[in-house]
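Have a look at the chain first, then read on.

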Amino acid sequence: MDAKTRAMRTADAMWAEDAASKALGMKIVEVDEGRAVLHLTVASDHLNGHGMCHGGIIFSLADSAFAFACNSRNQATVAQHNTISYLAPARLGDTLIATATEVGLSGRSGITDVSVKTEDGRAIAVFRGASRAVKGHVFEEGI
């Protein structure tokens, strides 16, 4: 199986069990080995008391993109730690695009950067995630 097909099958298997990302309104747009793009349109139930998209929603979007990117090789992988810097507010109706790109992988440890932007390219946040491969796979490849 080629890398793109493996990434897509992994994403399909993960998405089937990912109630949180679905409940928040995320959509997977693209996956490949070490890369994932997710979208989320800011809805009224994503807003905080300032009328801006809640930082936890933005973090969740970035974290989900991170998860799909670092699991794309069908090796079960979890977060070790993540950081996020918020650059600008997102507003009701904005479509946020989280683009996760693996920037380093050594043994069981990886680093993945995620940019969160609006459709018009306005930077909302940058996220860096450290991952660790664990025992197991997302799906059985022989099936």
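A residue counts as buried when its relative accessible area is under 20%, and as exposed when that area is over 50%. By that cut-off Cys 53, at 5%, is buried. Keep in mind that this is a predicted model.

**Overall fold**
- The protein chain has 3 helices and 6 strands, and from the N terminus they run α-α-β-β-α-β-β-β-β.
- For 143 residues, a compact globule would have a radius of gyration near 15 Å, and the protein chain agrees with that at 15 Å.
- Along its principal axes, the C-alpha trace spans about 50 × 25 × 25 Å.
- Among contacts with a separation of 6 or more, 66% come from residues 24 or more positions apart.

**Surface and interior**
- Of the 143 residues, 36% count as buried.
- The protein chain exposes about 7300 Å², with carbon and sulfur atoms supplying 53% of that area.

**Cysteines**
- There are 0 disulfides in the structure.
- Cys 70 is buried, with a relative accessible area of 9%, and Cys 53 is buried too.

**Aromatics**
- You'll find 3 aromatic pairs here.
- In one of them, the ring centres of Trp 15 and Phe 68 sit 6.1 Å apart with their planes at 45°, so the pair is tilted.
- Trp 15 belongs to helix H1 (residues 3–17) and Phe 68 to helix H3 (residues 55–70), so this pair ties together parts that are 53 residues apart in sequence.
- Phe 68 is buried at 2% relative accessible area, whereas Trp 15 is partly exposed at 21%.
- Phe 59, Phe 66 and Phe 127 make up one aromatic cluster.

Note on methods
Residues numbered from 1 in each chain as written. Predicted model: local features only at pLDDT ≥ 70, side-chain atom pairs only at ≥ 80, totals over all residues. Heavy atoms only, no water. Phe/Tyr/Trp six-rings, centres within 6.5 Å; stacked < 30°, edge-to-face > 60°. Helix = DSSP H or I, 4+ residues; strand = E, 2+ residues; numbered from the N terminus. Buried < 20%, exposed > 50% of the residue type's maximum accessible area, 1.4 Å probe, protein only. Disulfide = S-S within 2.5 Å. Rg over C-alpha atoms; globule rule 2.2 N^0.38 Å. Contact = heavy atoms within 4.5 Å. Areas by Shrake-Rupley, 256 points an atom, 1.4 Å probe, with all protein chains shown as cover.
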